[in-house]
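The chain is shown below.

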Amino acid sequence: MPSLPVGIRRNSAGFTLIELMVAIFMAGILATISTPVMFGFINRSKLTSARSELFGALEEVQRQAIRRSISCRFILPSSPATNPTLNSDCFVTGDRSLEGITMRHNGATVKPTDFLFDFRGRTSDPSRNFLTNDLVLILTKNGNLGNQKCVIVSRGLGLVRNGNYPPGDSSTDPAKCSLQ
């Protein structure tokens, strides 16, 4: 290796210890800031997915009732229910479970806690009387009222709609569900 003249140093590649510590410190700050945002995004995604699952389950029961020309029962879990299981005698692929989700509903107007889609897709209670109120099902992630999704089944006609419910509201008022 040739020798360098006096006073000239060889250019060394790499980072100093201070530069590495500053880079690690900055990465830590970014991770601290982004972690809650990421968990919030994941929770909103799971809640939206659960709403889609519930919406699809209700539509499937209604379609099966029309297609098979029978009344199909949809059984509501107790309200509120954590990790609710969606049950129906007309599910093609079996019952469904909404893991990590809490569901509440205004099912007190439906006795017992189930309702029917008749052969025309209309809703009634098990005694074959039309529902007196829209049925609203509200989903939250582990009972946190900060972000809520809702699904409404209209009385009589059986229209199934979904939307968002106001944050922090623990009621089950169908009028508060802003439809999408």
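The link of C150 and C177 is right-handed, with 85° about the S-S bond. C150 belongs to strand β9 (residues 144-153) and C177 to the loop between β10 (160-165) and β11 (178-179), so this pair ties together parts that are 27 residues apart in sequence. The sulfur atoms of C150 and C177 are 1.8 Å apart, where a disulfide is a pair of cysteine sulfur atoms within 2.5 Å. C150 counts as buried because its relative accessibility is 0%, and C177 counts as buried at 7%. The term buried denotes under 20% relative accessible area, exposed over 50%, and partly exposed the range in between, with a 1.4 Å probe and protein chains only.

The model is predicted: local features need pLDDT of at least 70, side-chain atom pairs count only at pLDDT 80 or more, and totals for chains, interfaces and linings use all residues. Residues are numbered from 1 along each chain as its sequence is written, and side-chain values use heavy atoms, with hydrogens and water left out.

**Overall architecture**

The chain contains one helix and 11 strands. Read from the N terminus, the order of elements is α-β-β-β-β-β-β-β-β-β-β-β. Helices (H or I, at least four residues) and strands (E, at least two) are DSSP runs, numbered from the N terminus. Of the 180 residues in the chain, 37% are buried.

**Disulfides**

The count of disulfides comes to two. The link of C72 and C90 is left-handed, with -80° about the S-S bond. This pair joins distant parts of the chain: C72 is in strand β1 (residues 72-75), and C90 is in the loop between β3 (85-88) and β4 (96-97), 18 residues apart. Both C72 and C90 are buried. With bonded cysteines counted along the chain, the disulfides follow the pattern 1-2, 3-4. The table sets out the values for the two links.

| Pair | Sulfur-sulfur distance | Angle about the S-S bond |
|---|---|---|
| C72 and C90 | 1.9 Å | -80° |
| C150 and C177 | 1.8 Å | 85° |

**Aromatic contacts**

How many aromatic pairs does the chain have? The count comes to three. Rings of Phe, Tyr and Trp (its six-membered ring) pair if their centres lie within 6.5 Å; planes under 30 degrees apart count as stacked, over 60 as edge-to-face and the rest as tilted.

The rings of F74 and F91 have centres 6.2 Å apart and planes at 90°, so this pair is edge-to-face. F74 and F91 are both buried.

The rings of F74 and F115 have their centres 5.8 Å apart and their planes at 45°, and the pair is therefore tilted. Here too distant parts of the chain are linked: F74 is in strand β1 and F115 in strand β6 (residues 114-117), 41 residues apart. F115 is buried, as is F74. Ring pairs join F74, F91, F115 and F117 into a cluster.

R96 lies over the face of F91, at 4.2 Å from the ring centre. A charge sits over a ring if NZ of Lys or CZ of Arg is within 6 Å of the ring centre and within 35 degrees of the ring normal.

**Nonpolar surface patch**

I18, V22, F25, M26, I29 and I33 make a nonpolar surface patch of about 620 Å². Patches consist of residues with over 30% relative accessible area and no salt bridge, with like charges joined within 9 Å and nonpolar side chains (Val, Leu, Ile, Met, Phe, Trp, Tyr) within 5 Å. A salt bridge is a side-chain nitrogen of Lys or Arg within 4 Å of a carboxyl oxygen of Asp or Glu. I33 is placed in helix α1 (residues 17-68) and counts as exposed because its relative accessibility is 55%.

**Backbone with positive phi**

Most residues other than glycine have a negative phi. S69, which is not a glycine, has a positive phi of about 55°. S69 is found in the loop between α1 and β1 and, at 51% relative accessibility, counts as exposed. For N142, also a residue other than glycine, phi is positive and near 55°. N142 is found in the loop between β8 (135-141) and β9, and its relative accessibility of 51% makes N142 count as exposed.

Notes:
Areas by Shrake-Rupley, 256 points an atom, 1.4 Å probe, with all protein chains shown as cover.
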